[in-house]
Amino acid sequence: MSGKYLVTGGAGYVGSVVAQHLIEAGHEVTVLDNLSTGFREGVPAGAAFIEGDIRDAAKWLHTEGEAPYDAVLHFAAFSQVGESVIKPEKYWDNNVGGTMALLAAMREAGVRKLVFSSTAATYGEPVSTPITETDPTAPTSPYGASKLAVDHMITGEAAAHGLGAVSLRYFNVAGAYGSCGERHDPESHLIPLVLQVAQGRREAISVFGDDYPTPDGTCVRDYIHVADLADAHLLALDAATPGEHLICNLGNGNGFSVREVIETVRKVTGHPIPEVVAPRRGGDPAVLVASAATARERLGWNPSRADLAGIVADAWAFAQQRG
């Protein structure tokens, strides 16, 4: 059965891929994005587009004479950890204040289903591995804290007003889907940064610390293909239950080190990738790996693109396409 969905932040990396998946599943999609970090060309064909801010969502969530939206999928957020430390007010204002306005607009319009783009940054330094949803949340950046604050807001909204919501806490999202891929400015994610070296756009890749308690001394992270991530959002729409706020980690349950990623890029691209060892960055845990058992049990989610070489190959194809 087709639905009508508003995708906030749908001109960004993950939002655009989810919007594309919704369209391919036969749904009606409207993307709302102010293009502060998204790209107009990232909005998939077949989606209606509104250039605007989530604080003004009330203008579009309820229009006389039109069928109401069945749900909102919310991706509109600033997400640079380093920037959030320097400009915390920007993250509280947009990520928290903007979402508060969005929730009020949804309540007013009678839209009672939400899928929220959360993050593993809500956990901070993990107390155990793999990380489960019941582990302590102690974010180490204003970015992670802002996302955790929104999760708390959603929990209250569900209990008080019957919202059916699912928060999906991503680990390291990577890869590309069709014409949608990573194009952050500035880029901060490992795989696209290493691919920039392969393209000759960067001289070497910095390895921040090679003395961690891991097999090769570099940090280990859980990488998830963006298309698998998108699948989880569509499943979450079906799983959202009135009055409940379900939180699910999204990851593959295994990790790859920084040096394993670099070596995989070498093999996929055929290019040498010079490395430069740099000091550790503050707040970088040695290992971040998810337990996705809740997503498997509650959403019926089974990621099928866990092969690192495949993830890198898709990202490489997108990078070459962009030039």
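Contact here means heavy atoms within 4.5 Å. I am working from a predicted model.

**Entry 1: helix α5**

I looked up the length of helix α5, residues 142-161. At 1.5 Å a residue, its 20 residues should span 28 Å, and I found the end C-alpha atoms 28 Å apart, so the two values agree.

Next I listed the buried residues of α5: Pro 142, Tyr 143, Gly 144, Ser 146, Lys 147, Leu 148, Val 150, Asp 151, Ile 154, Glu 157 and Ala 158. I then asked what covers the buried residues of α5. The cover includes the helices α3 (81-86) and α4 (88-109), along with the strands β5 (113-119), β6 (164-170) and β11 (245-250).

Just after α5 I came to Gly 162, which has a positive phi of about 80 degrees.

**Entry 2: α4 against α5**

I noted that two packed helices are described by the angle between their axes and the distance between the axes. For α4 and α5, the axes come within 9 Å and cross at roughly 20 degrees. Angles under 35 degrees count as roughly parallel, so α4 is roughly parallel to α5. I recorded the crossing of α4 and α5 as right-handed.

Which residues meet? From α4 I wrote down Pro 88, Tyr 91, Trp 92, Asn 95, Val 96, Thr 99, Met 100, Leu 103 and Arg 107. From α5 they are Pro 142, Tyr 143, Ala 145, Ser 146, Ala 149, Val 150, Met 153, Glu 157 and His 161.

**Entry 3: Ser 84**

I found Ser 84 in helix α3. Is Ser 84 buried or exposed? Its relative accessibility is 0%, so Ser 84 counts as buried.

I looked up what the side chain of Ser 84 has beside a polar atom. The backbone oxygen of Val 81 lies 2.7 Å from such an atom, and the backbone nitrogen of Tyr 143 lies 3.1 Å from one. Leaving aside neighbours within four places in sequence, I listed the contacts of Ser 84 as Tyr 91, Ser 141, Pro 142 and Tyr 143.

**Entry 4: α6 against α10**

The contact uses Ile 191, Leu 195 and Ala 198 of α6, and Leu 308, Ile 311, Val 312, Ala 315 and Trp 316 of α10. I recorded this crossing of α6 and α10 as right-handed too.

**Entry 5: backbone angles**

I noted that most residues other than glycine have a negative phi, and most peptide bonds are trans. Leu 35 is not a glycine, yet I found a positive phi of about 60 degrees there. Leu 35 lies in the loop between β2 (28-33) and β3 (48-51), and it is partly exposed, with a relative accessible area of 23%.

Where is there a cis peptide bond? One joins Thr 129 and Pro 130, with omega about 0 degrees. I placed Pro 130 in the loop between β5 and α5.

**Entry 6: Val 277**

I located Val 277 in strand β13 (residues 275-278). Val 277 has a relative accessible area of 43%, so I put it down as partly exposed. Ile 205 is 72 residues from Val 277 along the chain, and their C-alpha atoms are separated by 8.5 Å. Leaving aside neighbours within four places in sequence, I found Val 277 in contact with Val 207, Asp 210 and Arg 259.

Definitions and conventions:
Residues numbered from 1 in each chain as written. Predicted model: local features only at pLDDT ≥ 70, side-chain atom pairs only at ≥ 80, totals over all residues. Heavy atoms only, no water. Helix = DSSP H or I, 4+ residues; strand = E, 2+ residues; numbered from the N terminus. Expected span 1.5 Å × (residues − 1). Buried < 20%, exposed > 50% of the residue type's maximum accessible area, 1.4 Å probe, protein only. Polar contact = N/O pair within 3.5 Å; in protein donor to acceptor, adjacent residues only side chain to side chain. Axes fitted to C-alpha atoms, helices over the stretch in contact; angles between N-to-C directions. Parallel < 35°, antiparallel > 145°, perpendicular 65-115°, else oblique. Left-handed = near helix turned anticlockwise from the far one by under 90°.
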